[in-house]
Amino acid sequence: MFPDLRRDVLLPVAAGLILFGLFVGAGLLYQGQLGGQERLVTLALIDAVLVLGLQIYVGNTGILSFGHIGFGAIAGYAFALMAISPVEKAKRVADAPFGLADVHLGPWTSMGLALVVVLIVALVVGLGLARSGAESGAVSATVITLALLFVTHEVARNWPDLTGGDRAGLSFRIGGGLDSRAPLYLALLAAILSALLYARSRGGRLAVAAREDDLAARAMGVNPLVQQMVALLLSVAVVGMGAGLRVYERGSILPRDFFFNLTLVTLVMLIVGGRRSVSGALLGVAVITAGRELARRLGQDGFEFFGIGLDGAPLDWIFRENLKTVFLGVAMLGFMIWRPSGLLDDWDLDRWLHARLDRWRSRREDPQDGTRPELPSEVEPDDTDVLVVKGVGVSFGGFQALDEVGLEVGRTEVVGVIGPNGAGKTTLLNVVTGLVGSDTGRVELGEVDLTGMPSHQIARRGLVRTFQNLRLFGALTVRENIEVSALVASSTRQHRLPPDIDGLLLVAGLWDVRDRRARELDYGTSRRLELARAVAMAPSFLLLDEPTSGMSDAESLVMVDQVRRMAGVVGAGVVVIDHDLNFITGICDRITCLDRGQVIAVGSAAEVQADPVVQAAYLGSSAET
Amino acid sequence: MVELLQNLIDGLGRGSIYALLALGVAVIFGVMHLLNFAHGELITVSGYAAFWAIEAGWSWTLTVPLVIVVSVLTSLVIERVAFSRVRGADQFTLLLTSFGVHFVVFAIFLLYVSASVKTFARPGWVTDTYALGSLRVEVYDTVVIAITLATLAGTTFVLQRTTFGLSLRAAAADFDTARLMGVRSDSVIRGAFALSGLLAGIASVFWLMRAGSTVPSAGIDPMLKGVLAALIGGLGSLRGAVVGGFALGMAEVLLRSRLPDSIASLTEGVVFLLIALLFIFRPQGLVSVDHAERV
């Protein structure tokens with residue numbers, strides 16, 4: 001199933017070539033037929049590389065970065081300092097530190113080394129971002145990237161021995177400068193292919209899952225910090241390449257070349273086109289480049305640019321110098337207000353081609369043909385590991401949420417945890433899955449001690465949960481949601497036979513909606529998808545947090561069957577929390593009743609219901625009996 | 001010792017302005033979770049108002065209320081035109097919307113006024129000093145500190161003793177719950193922008209009296225100071241913002257007077273770096289509003 005050669009490799013490459021052709025073609029058409037400036041096209045090619053680099057990080061992780069141009073500055077200076085001849089350097093930076101004054105390397109060696117330098121910096125910054133708890137939309141992460149931009153800029157301005165300072169900068173000709181566009185074309189093609197292939201790769205998919213819901217991704221065994229780091233390094237490599245080319249093409253570098261202006265321009269390009277789409281990033285570059293040029297000309301020449309001959313006088317108030325800046329500002333603000341996800345949102349050419357091909361093929365085949373997959377059969381548990389929770393205690397401030405709570409679940413059992421609101425049921429599940437640390441007690445799975453492990457590690461050991469308030473990867477399709485956990489399972493749970501995704505879709509009643517986005521699903525379907533996504537991890541134990549909350553009685557009863565079958569498909573034990581007594585008694589072999597953080601009863605459904613302590617604490621206080 | 005005292009007074013003067021700006025940023029973050037990178041535009045706009053007023057022969061006495069009114073109105077207009085449309089949006093949209101506002105205001109002045117610096121006469125007493133023991137104290141600093149303290153006292157009173165203040169604090173603590181409790185989000189948000197505009201208006205009077213000029217990009221510097229100070233204080237914490245403002249002012253004065261000239265101009269980068277390090281090593285301590293998510 002992964003990687004699907006056609007979907008994840010061939011089509012992205014094909015789409016990349018088409019996008020490259022369209023972008024370059026538009027540029028050549030403009031400069032050839034319309035008599036446009038060559039330089040504008042050259043700069044657009046370089047901008048495209050920078051914006052694609054930015055897209056790889058911002059688009060896939062959801063973290064807004066102002067720092068990428070700072071990385072660009074580092075790469076740009078590193079490139080310039082290595083590529084400029086010692087004779088030239090003696091004029092500007094005779095005292096360059098680190099023996100750089102005598103270094104003279106070829107442009108492409110310099111470019112490669114510059115990338116190494118900037119990647120080392122990115123690694124350090126990435127560790128900082130990870131430490132700060134970066135996740136989609138985190139303000140702290142954005143401030144850290146902004147800090148990088150400012151610090152780089154100020155270091156560049158205030159370290160003239162290295163950078164030539166604020167006014168002079170470094171200027172040079174490296175072996176006659178960049179006199180052919182071939183390197184630019186190559187760089188652009190490389191950037192497009194990196195962005196597309198990364199987005200379809202394992203890393204890209206997991207990063208997007210974490211972007212959509214950080215916590216749910218962790219609970220499915222994804223470590224978002226690792227995926228963000230991968231995205232950062234790749235994106236910085238691409239940005240570094242673009243920055244090096246920008247310096248090469250200009251033949252000079254000044255601190256302000258890689259500061260706020262370029263940051264804003266590249267960000268506007270990215271958001272106008274659509275930050276979640278590679279095609280969008282390219283479209284954004286084209287639209288903004290064209291718009292700026294148009295605005296510049298209108299500002300300069302007034303309305304006559306169109307050759308209509310209309311005297312510009314009545315429109316003088318708008319067509320004047322600096323219209324270009326207004327255009328950028330209005331584009332940024334307008335898109336944020338009216339279309340924050342950009343022109344293309346997350347539409348991408350390769351996925352569109354894939355969907356087209358699929359539809360074309362299914363039309364050719366007989367619709368009555370057995371395209372529906374087979375129902376998966378039940379499997380026996382592969383081991384007899386028991387999930388043991390011993391003496392768990394948690395207090396929040398002065399409130400004792402859990403006190404000496406224990407639980408034991410075997411691989412063929414379904415165990416329920418009930419209790420009134422605030423009894424500590426969800427806290428118990430959070431402790432078991434590593435979302436909340438416990439003050440005392442242990443959680444063990446067979447021989448393995450899970451206490452204190454991060455939640456993605458626990459998930460990879462086989463404890464997989466669902467959430468009380470649905471946490472799906474909203475922008476992904478139903479199938480893609482399940483594929484995320486299947487992907488993690490394929491590398492971390494190889495000893496288990498992963499369930500067939502198509503079969504799982506069928507059992508969960510999701511086959512007909514498999515290509516719908518998760519956020520478009522109704523409530524009951526969403527619940528089933530969450531369950532199926534957990535099952536696709538091939539877990540040893542499924543932990544379900546109120547799977548029937550918000551469901552009608554009839555729906556709850558269907559859920560009983562659903563849970564049993566899904567658990568059977570992977571041979572997993574089940575721990576289920578719920579308020580709904582019909583559901584709990586219908587599904588559970590044993591029940592543990594919690595009240596105010598303590599276990600007050602353990603036994604079969606009938607035993608627990610008959611227990612006077614339980615009746616007093618829970619049943620007596622609720623109308624549900 | 002004398003030098004340190006001198007620095008202390010200078011730092012208080014500078015810090016006062018930053019505290020007013022930071023408080024405005026924190027108020028907005030409280031009700032909207034918006035880190036307002038457009039806050040400095042209030043100073044840009046009122047700067048041009050001051051320039052035109054003084055060029056038209058107004059005295060500073062008349063210009064001061066004008067600047068404050070313009071700042072409040074600008075704040076309300078920006079809320080109406082831009083921020084009211086992205087309420088409840090994700091951080092990504094909020095942050096870039098505020099950058100967009102900054103950008104548009106900048107561009108409008110660039111387009112319709114000019115890119116060059118517009119200067120206007122400063123009030124004569126701004127450079128006056130008087131002796132206090134062996135210290136030379138600027139009249140300006142004294143006025144700034146006194147008025148800032150009065151403003152902060154007034155703001156505290158409004159926040160603690162009025163219904164609006166209670167709604168605003170409730171909204172800052174937990175916006176959704178506050179709404180459920182009957183706090184009207186519209187009026188609280190507008191009120192917050194008016195308050196933020198008022199505080200920025202007072203700050204911009206001080207700022208302009210000292211600068212005596214304005215440019216389209218004049219807002220960037222005060223915006224950075226306000227945002228940085230609010231970040232130091234822990235975003236969303238109103239008291240923290242004021243403390244952050246004074247701390248930033250003090251730190252700047254001390255750094256500038258103690259560090260050799262060649263690196264003294266690094267201050268902004270240094271502050272940014274320190275905040276980044278704080279975020280990295282004490283992520284819980286800095287943003288007081290990012291509560292743990294309920295699962």
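Reader: Which residue stands opposite A:Gly416 in β10(A)?
Author: A:Val576 does. Keep in mind that this is a predicted model. The two residues belong to strands β5 (residues 414-418) and β10 (residues 573-577) of chain A, which run parallel to each other over 4 bridges.

Reader: What makes β5 and β10 of chain A a pair?
Author: Two strands pair if there are at least two bridges between them. β5(A) and β10(A) share 4 bridges, so they pair, and in the parallel sense.

Reader: Why are β8 and β12 of chain A called edge strands?
Author: They sit in an open sheet of 6 strands, in the order β8-β9-β10-β5-β11-β12, with mixed pairing. β8 (463-465) and β12 (598-603) each pair on one side only, and that makes them the edges. Neighbouring strands in this sheet are turned by 20° against each other on average, ignoring direction.

Reader: What packs on the sheet?
Author: Helix α16 (residues 425-432) of chain A does, touching β5, β8, β9, β10 and β11. Its direction makes about 145° with that of β9(A).

Reader: Why is A:Asp345 called partly exposed?
Author: Count its neighbours: A:Asp345 has 16 C-beta neighbours inside 10 Å. Buried takes 20 or more and exposed takes 12 or fewer, so with 16 A:Asp345 lands in between and is partly exposed. You'll find A:Asp345 in the loop between α14 (323-338) and α15 (349-364) of chain A.

Reader: What is the phi of A:Glu404?
Author: About 55°, a positive value although A:Glu404 is not a glycine. Most residues other than glycine have a negative phi. A:Asp345 has a positive phi too, near 50°.

Reader: How many residues of chain B are in contact with chain A?
Author: 40, and they meet 37 residues of chain A. α4(B) gives the most to that side of chain B, with 16 residues. The side divides into 30 nonpolar, 6 polar and 4 charged residues.

Technical notes: Residues are numbered from 1 along each chain as its sequence is written. Chains are lettered from A and ligands numbered from 1 in the order in which they are written. This is a predicted model: local features need pLDDT of at least 70, side-chain atom pairs count only at pLDDT 80 or more; totals for chains, interfaces and linings use all residues. Two residues are in contact if their C-beta atoms, placed from the backbone, lie within 7 Å. Ala, Val, Leu, Ile, Met, Phe, Trp, Tyr, Cys and Pro count as nonpolar, Asp, Glu, Lys and Arg as charged, and the others, Gly among them, as polar. Axes are lines fitted to C-alpha atoms, for helices over the stretch in contact, and angles run from 0 to 180 degrees between N-to-C directions.
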